[in-house]
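Colleague: I would like to go through the labels on this model. Please set each one against its cut-off.

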Amino acid sequence: MSLVNKDDTAEGASADRVEKADRVCKELAALAVKALLDEAALFPKPGLVDPVSQGAHSDMDFATLVRSAAALQQGFYECARIGYKSAAQAQPIATAIRKRLRTAGLALEKAMFAETHGVNTHKGAIFIFAYLLGAAGLLSGATQLDGIRSVVELTETLCAQVRVLAAGLCSEDMAGVSAKRTLTHGEQVFLQYGCTGIRGEAEAGLPLVQRNVAYLAGLTHLTQRDAYLYTLLHIIAENKDTNVLFRAGSTALRDLQTRCASIVKSGATGATLYAAVEALDAYCIKRHISPGGSADIFAAVLFCRSLAGA
């Protein structure tokens, strides 16, 4: 083989790798957007925006969520690329990847606010999906997801990588927060309740996502809509949702968790289930309660299922 042919072969192999990386990262981004759209489309939901209700939100509706999700696709692609490119390193450095994901996340927030004219539709989802996509990109680039067919096993593998990427995140982000003049909602909840929210969830390897992927996998006897509703309610019942804490306080959170757990325990299906959730929606609207953090976890569950082909 001539030297020219060798160069052509090397260039061809390199082009193939670039093409594969681009394809995989586009697929990951598309799955993330689909998960957000599927979460938004589910109805009825307690206090959350869906196709027939604005829930406890006066500043957004279903169309707003759809536009916002679509605006995130390119940024989600960039998060997946950050992970995928890191897989080529002999020993990927989690803190360096996290720094790049943070930058990408801030760009995603900017794109969201530009599309929604300043309305916070998906800030929490951007955080969790930046880590999920970074982890999925890294594992895909290292071919560590190849051959995994079980949605539970795939989720465990993915969340283990998230835990590596998010190690030390809470102490890093909350250091000196008490001295800040302007606080985010998450920082206010941390100072008032000691709740680390989605940061703590990511640092722990997304245990709520792992548990509820397994929970949803066990609901094969239900219709998809009923199974999705039960999973969302199951998440709300156990999640220390910082959005609820910020809006309504700890007593309201405990009451909402109890009400969701009661519906889950009832075993109701179909029209009976929907009526119970609609009544809970009315309760949430009256009290300005919206479990948006739980909706983000639910979307992450749907993403993991799609990634596993479920």
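Colleague: Start with helix α1. How far apart in the helix are D22 and K26?

Modeller: D22 and K26 are 4 residues apart in helix α1 (residues 3-41), so about one helical turn separates them. Helices here are DSSP runs of H or I with at least four residues, numbered from the N terminus.

Colleague: What is the basis for the model and its numbering?

Modeller: The model is predicted: local features need pLDDT of at least 70, side-chain atom pairs count only at pLDDT 80 or more, and totals for chains, interfaces and linings use all residues. Residues are numbered from 1 along each chain as its sequence is written, and side-chain values use heavy atoms, with hydrogens and water left out.

Colleague: What makes D22 and K26 a salt bridge?

Modeller: Their closest N and O atoms are 3.2 Å apart. The definition asks for a side-chain nitrogen of Lys or Arg within 4 Å of a carboxyl oxygen of Asp or Glu, so the pair qualifies.

Colleague: Why is D22 called partly exposed?

Modeller: D22 has 25% relative accessibility, and therefore counts as partly exposed. Buried means under 20% relative accessible area, exposed means over 50%, and partly exposed lies in between (1.4 Å probe, protein chains only). K26, at 47%, is also partly exposed.

Colleague: How do you know that E27 and R23 form a salt bridge?

Modeller: The closest N and O atoms of E27 and R23 are 3.8 Å apart. These two are 4 residues apart in helix α1, so about one helical turn separates them. E27 is partly exposed at 44%, and R23 is partly exposed at 43%.

Colleague: Which parts of the chain does the salt bridge of R102 and D173 link?

Modeller: The R102 and D173 side chains meet at 2.9 Å, N to O. The pair links distant parts of the chain: R102 lies in helix α4 (residues 94-116) and D173 in helix α7 (residues 169-174), 71 residues apart.

Colleague: Is D173 buried or exposed?

Modeller: D173 has a relative accessible area of 16%, so it is buried. R102, at 35%, is partly exposed. Salt bridges with shared partners join R98, R102, E172, D173 and R199 into one network. The whole structure has 12 salt bridges.

Colleague: Now the helix packing. Why are α11 and α13 called oblique?

Modeller: The axes of α11 (residues 224-238) and α13 (residues 250-266) cross at roughly 140° and come within 8 Å. Under 35 degrees is roughly parallel, over 145 roughly antiparallel, 65 to 115 roughly perpendicular, and the rest oblique. The two helices are therefore oblique to each other. Axes are lines fitted to C-alpha atoms, for helices over the stretch in contact, and angles run from 0 to 180 degrees between N-to-C directions.

Colleague: Which residues meet between α11 and α13?

Modeller: Contact means heavy atoms within 4.5 Å. Y230, L233 and H234 are among the α11 residues in contact, and L256, Q257 and C260 are among those of α13.

Colleague: What makes α11 and α15 oblique?

Modeller: α11 and α15 (residues 292-307) pack at about 130°, with axes 9 Å apart. They are therefore oblique to each other.

Colleague: Which residues of α11 meet α15?

Modeller: Y228, T231, L232, I235 and I236 in α11 meet α15 residues including I297, F298 and V301.
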